[in-house]
Amino acid sequence: MVYAPQGSKRDLVKAKRQLATVIDLNKCMGCQTCVVACKNLWTVRDGTDHMRWMNVTTYPGHGYPRDYEHKGGGFRDGEPQPGVLTTMSDCGDHFQFNHDEVLNQGKGNAARFEPKTASGETPSWGYNWDEDRGGGEWPNGYRFYLPRMCYHCSNPPCLQACPTNAIYKREEDGIVLIDQERCRGHRHCVEACPYKAIYFNPVHETSEKCILCFPRVEKKIAPACNRQCPGRTRAFGYLDDVESQVHKLVRVWRVALPLHPEYGTEPNVYYIPPWSPLAYDDEGKLTDQMRIPVSQLEELFGPAVRQSLELLGRERAKKRKGEPSELMDILISRVWEDRFGGFTEAPLEPHAAKGGHKS
Amino acid sequence: MATNEIETLPKAGTTRRGFLALGAKSTVALALCELAPGLNAAFVGEVLAGTRAIAYAGWEDIYRKEWQWDKVTWGSHTNACSPGTCLFHVYTRNGLVWREEQAARTKASNPKYTDYNPLGCQKGCAFHTSLYSGERVKYPLKRVGERGEGKWQRISWDEALTAVADAILDAHQRGGTSSFVLDGPHVHAGNVASAATFRFMESLNGVITDHNMQIGDTFIGSLITLGKMQVGYTPDNFFDAQLVVMTHANWSYTAPALYHFLTEARYNGTEIAILAPDANTTTHAADIHIPVKVGTDAAFWLAACQVMIETGSFNAGFISEQTDLPLLVHTKTRRFLRSAEVDGGREDQLYFYDKKSGRIASAPRGTLRHDFDPALDGEYTVTLRDGAKATVTPVFALLRRQLDQRYRPEQAQELSGVHASVIRDMAAKIASRRTCAYIGFSSGKHYHGDLMERSLLLAMALSGNVGKPGTGIAIWSFPADGISMLAGMERPIAQGGMAAGAEYVQALARELAAEDPEITEELVHIEMMKRMSRRLGHSPSAFWFYNHVGYDKLWNRREWQDPAMPRSFGDYMKEAQAKGWWDGLVLPPPGKPPEVLMYIGNNPLRRVRSGNVQYPTELFPKVKTIFTVETRLSSSAMYCDYVLPAAWYYEKQDMTLSMTASPYISLIEKATEPVGEAMEEWRIYGRLLKTIAERAAERGVESFVDRFGQSHRYADLYHHYTLGGAIEDHDAAVREMVAVKVATGIFPRDYSYDQFRRDGTVTLHGMGVTFQKHAVANEFDPKKPFYSLRWHTEEKVPYPTYARRMQFYIDHEWFLEVGEELPVHKGIPPIGGNYPFRITSGHPRISINSVHLANPQLNRLHRGQPVMFINDADAAALGIADSEMVRVYNDVGEFEIMVSLQACVAPKQVIVYYWEPYQFRGWQNFDGVLVGMPKAIHFAGGYEQLRYFYMHGSPHASVDRGVRVGVEKLSRGVA
């Protein structure tokens, strides 16, 4: 990757190959393990407390950062769109807890263990505040969980917006990175990103975001959010690797779809759209309609979602009849490692296992 | 307050990086700024001139260096949850654990099924933060203020152990051994720690109140029907099912590591149905959500049974062989026809009417195999030995009549709110497809949970969905031999430690066979457990609560119990005791409260219903000394006089238990030294026993006499506790536990501790050698999905019930009296008073019991405080908006809580997943309004399966689902 100051951003955005992630919303249970996995690895440093490079919220809902879908950025008809910055509160804050006051100061039940915002206030919003809320009306209430991260876009508006050319795609794998030595904290990238996946580090005065665990990826270990997901929702690998599940789900079966394709950023995280339980009619009889209105899913994943859902339904119907379905078998992934497109190394084995302990 | 502050660890508001910079100048630089030297001006000039290019990759080392460690070890988090067997890599740097990650070393049983990887959830992945969290206990603490006040003095281990030893010796001298009580120890502390706890208590002949009968993870309906409850399957069994019906469970919260088996089976063609009042957070993995009104499950299941029988779609062959449905009952007395009255034979010899021979035939007790053609309908006249004529009819005929009269789908729709068409549809599916049911832990929290389980099991039996792949029910099952052997052996395995137990079982089998030649192996093992429970001072918690914790004041309110019961709770209890059903189990005796109360792995103020009110007001004032061996300051630890700091996971050697739900056993290694002065439990108890011996000697007291009249020398206790000096710490205990697991077939033959250290995790290979092996009644083959009860369905081994069959008809006098001889639906009685909302509860998403409730990282994944979920429309009617505070109340108490609106909550239902009392204003926990009113007829005994042994049977004091509450907006609004 070479920076050519006399050239255009085109050089920074070039990538020979592209890593991609597929997240299966039928398998996501909103457990937040990916969030914890990411947090403990990357954002326990000074100035990163409020960041959730990986985040999961309930849909319908405000999302994370709060109302990101209404904060602008991205492209329309190829033109960059204005955006606004996210606040600390939007980014979910970093609640403080009063263990010592409650447990050690002799106040008895006069003190209550409770959260305060990073600035010491009683919170009225925070990360995942609308957890499990969902939509619809009883008995047809519904919800699903939407995990989000940096989309490592093929047309990243952050990269285009950076005045110091600190943002680039890695040529070898398409990971979008913010050079922490070059970033000057102008935050045009935050405004430009329609997914609001970039966070400001107020201590170091730089912008930071998901790095797709490139230090792991370089050692052939899948990113932490992908590998640590207990729901086995994630497939990972090179989009052009015809053996990889991401290739098959995105390019061959075309059931995995980008979030908000209308943002025009060509994101490289794709979603298997969610099913939902069958709805009841006014008398309480079961209908053949799923509870989540397809129109709502169209708002998220574009018109292609109808085709995706129909194909998923057809393939499952084969399984119910005892017939084979390659698509269902991919989504099942009996062998967990098959999900990761060759990024299947273990994340450093303990002392007694192969490889010995090492740093 | 300096007494319990973290001195070696970061304080609140200081990041770990800041701490490391302070603590070790040479530490790995972690901050981006430290590696961002700034740009060299000359270099920038060259770049701008186009004569040099910038290589971007160099700065990337900043993040690469984050991915470096001093040490990686194995870790897990023992039995705080089910499965609780997840293997993790634990990453240590500079003497601190920085993160953990699932090791993902599990394989599928065979290639047709999915593997278990990565196996581990958000709690496991955040656990290291608990080690260094503000609620961690790091030093021995002595209370210097009022109980619960939180005024502590840091003291030395010697001071703490001396004080506790003196208290125990005082108790022995003043009140005898039963005045030292360990209240409801859960296995949170770990397997080794649990074995140590049991050894310690057994050494001192103390009393252990039964934790399982406190938390209600018990399945009385299953005990009544199957004679056991520890049955289960591996989750890959879902792949062999065509239909899964999950109820009383919410796996997305409680079993995230196994949840994928649901979604993957669904992709594989299995239909998933969830039966629950609310569309819980697992519902979106389901095809069908069956929204029963709170507490009406039995009506749904019984109507499904009615449909199966009416449409003739039930499996007559199966029920004739495996169940009591063909057994004959007197139409007049509603009692079984018994051999004692027919020919002077056994009281428990029951009869079919054989259509082939046209006469009654003795139902075999030693096998389920028979060549009769039992009638399922009709009435028959029998001549009794006294010459009297009696009319008898099969149970099935009574059942059919009752179902037709009371549980047609339209009637069930009225009761349950589920449309009759849905019931018919589900009944047809269950009858025609391989169906497995999953019953979670909520049924044990229902007043009439037993009736729900009995009804569900009836549907499974009628459809023949038992004892074959893709069928059955899962409750929970595991081989606990590691704990029980290590707790009970006199000598290590290598010195023949298991021989005494084996000889005891053989002698017992001979003794029982002399009375009943058709006794089964399973019944022998159950009898052994009954005797062991009495020997070890296990006490069913209902007695404990009633006699010592003031629950008599709550539970004797007749208006709150089933109106069909003619006597009060206390009268049932006394009658049961008078009949001798509970001899040797009512400990400590009424009127003799404990002198010393101990806690480990229990937080009764959080988990015992109304415990946050009852314990501090009714029990604690009567107790001289309360101490706990704890890792964290729970709400209950706040009331202790002494807090002894225990090492936690990653700070000591241990291993996990294996549930069939997750058939692996994982190693936990000591990655770091314990924080502060925390110590591993095996050593704590050892030192305490030595101190007791020293203090006794100083008093000139040589020995004590146990409940059975035997004398024990204090000076011998340590020798006994350590198996003759062989096991003095966790490392030695883990090695011994490996030996136990090899000897009992739970581990592969010839497996070794060294191999375990290399592998980190072992696939379960067997179900051990005790009663649990018989409970599941199937060989565990690691190459296949596991399911239970095959020995009954294929080998025709009798069930351990009175009728020696799956028993749906209970002719015990108390059951007949309240109309529960057959499964019926009964509404939840108005426990707590009559109020418009029904409260339900369960495990929260981010904590296993209360272990993680005060963990900051996990609390930052949600609102960080208690919330109550309520339906949008109900909230609107009360003028309540999201995030506002409400007051929730009933006749018993009240609490304040923030509301969270949800479309998926049923009308007039409110849901509060549990929290620590100290998370509520005034520590008025939501548990305070729940009462925990047990069902008094569960004191019934004298009837084979109506029995108690440790963790099994007796009224469970955790009934809370559907307790009625009122809700009103707090005038001061937002918190």
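Predicted model: local features only at pLDDT ≥ 70, side-chain atom pairs only at ≥ 80, totals over all residues.
**View 1. Chain A as a whole.** Residues are numbered from 1 along each chain as its sequence is written, and chains are lettered from A, with ligands numbered from 1, in the order in which they are written. The C-alpha trace of chain A spans about 65 × 60 × 55 Å along its principal axes.

**View 2. Helices and strands of chain A.** Here you can look for 11 helices and 17 strands (DSSP runs numbered from the N terminus: helices are H or I, at least four residues; strands are E, at least two).

**View 3. Where chain A meets chain B.** On chain A, 100 residues are in contact with 115 residues of chain B (C-beta atoms, placed from the backbone, within 7 Å). Helix H2(A) gives the largest share of the chain A side, 7 residues. By class, that side of chain A has 45 nonpolar, 31 polar and 24 charged residues (nonpolar: Ala, Val, Leu, Ile, Met, Phe, Trp, Tyr, Cys and Pro; charged: Asp, Glu, Lys and Arg; polar: the others, Gly among them).

**View 4. Domains of chain B.** Chain B is divided into domain 1 (16-131), domain 2 (220-477 + 793-817) and domain 3 (837-969), with bounds from an automatic or database domain assignment. Domain 1 of chain B brings 9 residues to its contact with domain 2 of chain B, which brings 10.

Notes
Contact = placed C-beta atoms within 7 Å.
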